[in-house]
Amino acid sequence: TVASRFIKNKKSIGGFRDVSNEYWAKESIENVKAEGWIQGYPDGSFRPERYITRAEVVSIVNKMLDRNADKAFVDNHVRELANYTDLSREHWAYYPIMEASHGHDYARLPDKAERWKNYWIPSRKDRSK
């Protein structure tokens with residue numbers, strides 16, 4: 001519902017099999033789906049009563065801000081970038097999380113991808129604030 005408030009030209013498209021017509025956020029969910037910010041789960045469900053995960057939030061916010069990780073840059077600098085003990089490269093949100101976790105300058109490519117020019121990681125002192 002919060003994400004749907006950022007959509008200027010709302011357009012509903014088909015929803016998810018587990019979101020009934022009576023569900024309180026049905027229209028918001030459909031608008032966010034139409035915007036391309038959510039896809040739901042592989043089984044066609046949305047699971048509206050589950051808590052949203054940090055990976056899902058990061059993925060949605062990146063899409064809202066048109067942010068896309070430079071996968072080649074991340075892969076080539078993985079030892080220098082911040083890493084997480086509970087996140088592997090195989091996780092579906094690995095690159096969205098890396099995108100959101102690292103400040104960086106980038107060039108926008110014609111296909112909307114980013115080419116990172118450089119990055120910075122906050123010092124340990126800054127991270128404690």
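1. **Overall make-up.** The protein chain of this predicted model has 5 helices and 2 strands. Helices (H or I, at least four residues) and strands (E, at least two) are DSSP runs, numbered from the N terminus. Along its principal axes, the C-alpha trace spans about 50 × 35 × 30 Å.

2. **How to read the numbers.** Residues are numbered from 1 along each chain as its sequence is written, and side-chain values use heavy atoms, with hydrogens and water left out. Because the model is predicted, local features need pLDDT of at least 70 and side-chain atom pairs count only at pLDDT 80 or more, while totals for chains, interfaces and linings use all residues.

3. Of the 129 residues in the protein chain, 31% are buried. Here buried means under 20% relative accessible area, exposed means over 50%, and partly exposed is in between (1.4 Å probe, protein chains only). The chain exposes about 9,100 Å², and carbon and sulfur atoms supply 51% of that area. Such areas come from the Shrake-Rupley method with a 1.4 Å probe; for residues, only the protein chains shown count as cover.

4. **Contacts along the chain.** Take the contacts (heavy atoms within 4.5 Å) between residues at least 6 apart in sequence: 50% of them join residues at least 24 apart. For a local example, look at Asn31 in helix H1. Asn31 is buried, with a relative accessible area of 4%. Leaving aside neighbours within four places in sequence, Asn31 touches Ile7, Lys10, Lys11 and Ser12.

5. **Helix H2 and its buried face.** Which residues of H2 are buried? They are Ala55, Glu56, Ser59, Ile60 and Asn62. Seen down the axis of H2, these buried residues fall within an arc of 165°, so they line one face of the helix. The arc is that of the directions from the helix axis to the C-beta atoms. A general rule is handy here: an α-helix has 3.6 residues a turn, so residues three or four places apart point the same way. The buried residues of H2 pack against H4. After H2 comes Asp66, whose phi is positive, near 60°.

6. **A nonpolar patch on the surface.** Ile52, Val57, Val61 and Leu65 form a nonpolar surface patch, with about 340 Å² of accessible area together. Patches are made of residues with over 30% relative accessible area and no salt bridge; like charges are joined within 9 Å, and nonpolar side chains (Val, Leu, Ile, Met, Phe, Trp, Tyr) within 5 Å. One member, Val61, lies in helix H2 (residues 54-64). Val61 is partly exposed, with a relative accessible area of 35%.

7. **Salt bridges around Asp43.** The whole structure has 8 salt bridges, each a side-chain nitrogen of Lys or Arg within 4 Å of a carboxyl oxygen of Asp or Glu. In one of them, the side chains of Asp43 and Arg17 meet at 3.2 Å, N to O. Asp43 lies in the loop between helix H1 (26-35) and H2, and Arg17 in the segment before H1, so the pair ties together parts that are 26 residues apart in sequence. Asp43 is partly exposed at 41% relative accessible area, whereas Arg17 counts as exposed at 61%. Asp43 also forms a salt bridge with Arg47, with their closest N and O atoms 3.4 Å apart. Arg47 is partly exposed, with a relative accessible area of 29%.

8. **A salt bridge with a buried partner.** Glu99 and Arg67 form another salt bridge, with the closest N and O atoms 2.8 Å apart. Glu99 lies in helix H4 (residues 94-101) and Arg67 in the loop between H2 and helix H3 (71-76), so this pair ties together parts that are 32 residues apart in sequence. Is Glu99 buried or exposed? Glu99 is buried, at 3% relative accessible area, while Arg67 counts as partly exposed at 23%.

9. Finally, find Pro42 in the loop between H1 and H2. Pro42 is exposed, with a relative accessible area of 88%. The C-alpha atoms of Pro42 and Val74 are separated by 26 Å, and the two residues are 32 apart along the chain.
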